[in-house]
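Biologist: Could you take a close look at one helix for me, and then tell me about the chain it sits in?

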Amino acid sequence: MAKVKMTVNGRQVGSECDDRTLLVHFLRENLGLTGTHVGCDTSQCGTCVVHMDGRSVKSCSILAAQAAGSDIVTIEGLASGGELHPVQAAFKANHGLQCGFCTPGMVMTSVDMIRRHGAALDEATVRAELEGNICRCTGYHNIVQSVLAAAAEMGGAKEAAE
Amino acid sequence: MYATHYHRASSVQDALSLKSAAEDSRYLSGGMTLIATMKQRLAAPTDLVDLRHVEAMKGVTVAGRTVRIGAGTTHYDVASSAALAGVCPAICALASHIGDPHVRHMGTIGGSIANNDPAADYPSALLALDAVIVTDRREIGAADFFTGLFETALVEDEIVTAVTFEAPEKAGYAKFPNPASRYAMTGVFVTKGAGGVRVAVTGAGSDGVFRHAGLEQALSARWSPDAVAGVAVDPSNLMADLHASADYRANLVKVMTKRAVAAA
Ligand SMILES: Cc1cc2nc3c(=O)[nH]c(=O)nc-3n(C[C@H](O)[C@H](O)[C@H](O)COP(=O)(O)OP(=O)(O)OC[C@H]3O[C@@H](n4cnc5c(N)ncnc54)[C@H](O)[C@@H]3O)c2cc1C
Ligand code: FES
Ligand code: FES
């Protein structure tokens, strides 16, 4: 057992856990942030995606200890003041989810993808970038539409940041 | 996952001493192979020595045509290095097709080659580029480094710190990804430069990555995708599994070679 400290959704947190504790379990069980899901045990489904120091990662394949000292953003950290993040709003508007199990990972992946590609995102790129996220319900079509709609909406974000 | 102890190294020297202090310890880089394997209880090291915070092992430097990639450089950082794309875009393209974005944000070139999965992408590039693998204690040519399935020339506590190579005149990579895992069902990296033509194949050999003399001769005579049409690829040393038979892989070796030459 060791005390692991990190920043989660802008807040400094610290909690005791075993060295073998996965980041996803630390978030869900120690911090009660159950928006991040576990959908497989083979590192392939992407329901567990969070951002670590600004990049999308699979929290099921990282130890909490590896993430100590880093800056983590989970699905709970996207909306601000009751206002959905544009990517969340786009998934809602475009019916980008059915059961919703894959959705936290899909949204976190999409935010990362739009950060890297900006308005230049096209359908083929979105499909290729979703390689690491599995959805059992939607057939992906509306997810792709959601990401494209959000990228168009957020269009200037990437250029503005540079 | 079985219980383990986590240690974070701040330098190569620190990593070596942390490693030697524990009975059954393993180095940890991106964890995209090791943590996944520990979750399956297929590996159970008592101690993990995390190399991800060793700054000296990170980053890409290009001086003229001499390339140095720190072992701790992620697949994403290799894929998006503008300096590297300027001299050897094929290795950036290769890195950009490893796994998925999340795997590329964590996985490293050092971890990939130390693991030497027979279906991993990087081993073919390093063999075709005639790269040198730099460790904490010596330099090893790629041809001597990859010694078999998941086997390398590394000794127990040796750390890969970087890989270096001279960017060739031309280089290209093509892989036929396994549709489920994205690992190479067959991947071929071709280079043409001062040292001649080199063709390295991953994902197909029953003994891991290998060079193909027949394809190299044909492409030395004429550097063109259709130059390989008449070359015979012997399936007897190729892998056969539920994904593909040896004959199918033999055909893939030729098709991927053509595509790699066309991409170069
Ligand atoms: C879903 C998924 C898809 C993938 N798809 C592909 C693919 O298409 N192509 C492909 O090539 N790979 C693929 N991979 C593997 C990925 O590239 C890994 O990142 C890589 O194989 C291991 O790198 P790592 O940094 O994560 O190493 P780790 O998992 O941390 O370590 C792997 C091994 O190397 C040792 N090691 C690590 N660093 C060093 C070092 N510097 N010196 C000495 N030993 C070291 C460790 O002790 C361990 O034994 C995939 C992985 C996943 C989870
Ligand atoms: S839970 Fe499936 S990839 Fe993390
Ligand atoms: S909406 Fe059900 S798994 Fe994607």
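**Helix α11 of chain B**

Modeller: Helix α11 of chain B covers residues 246–263, so to speak 18 residues, and its first and last C-alpha atoms lie 25 Å apart, close to the 26 Å expected at 1.5 Å a residue. That expected span is 1.5 Å times one less than the number of residues. Helices here are DSSP runs of H or I with at least four residues, strands are runs of E with at least two, and both are numbered from the N terminus.

Before going on, a word on the ground rules. This is a predicted model, where local features need pLDDT of at least 70 and side-chain atom pairs count only at pLDDT 80 or more, while totals for chains, interfaces and linings use all residues. Residues are numbered from 1 along each chain as its sequence is written, chains are lettered from A and ligands numbered from 1 in the order in which they are written, and side-chain values use heavy atoms, with hydrogens and water left out.

Back to α11(B). Its buried residues (under 20% relative accessible area, 1.4 Å probe, protein chains only) are A246(B), R249(B), A250(B), L252(B), V253(B), K254(B), M256(B), T257(B), A260(B) and V261(B). Note that R249(B) and K254(B) are on that list. As for what covers them, the contacts (heavy atoms within 4.5 Å) include the strands β11 (170–177), β12 (184–193) and β13 (196–202), along with helix α10 (213–221), of chain B.

Now zoom out. Chain B has 11 helices and 14 strands. Its radius of gyration is 18 Å, close to the 18 Å from the globule rule for 264 residues, so chain B is as compact as a globular protein of that length. That radius is taken over C-alpha atoms, and the rule is 2.2 Å times the number of residues to the power 0.38. The C-alpha trace of chain B spans about 55 × 45 × 30 Å along its principal axes.

Of the contacts in chain B with a separation of 6 or more, 56% are between residues 24 or more positions apart.

Methods:
Buried means under 20% relative accessible area, exposed over 50%, partly exposed in between (1.4 Å probe, protein chains only).
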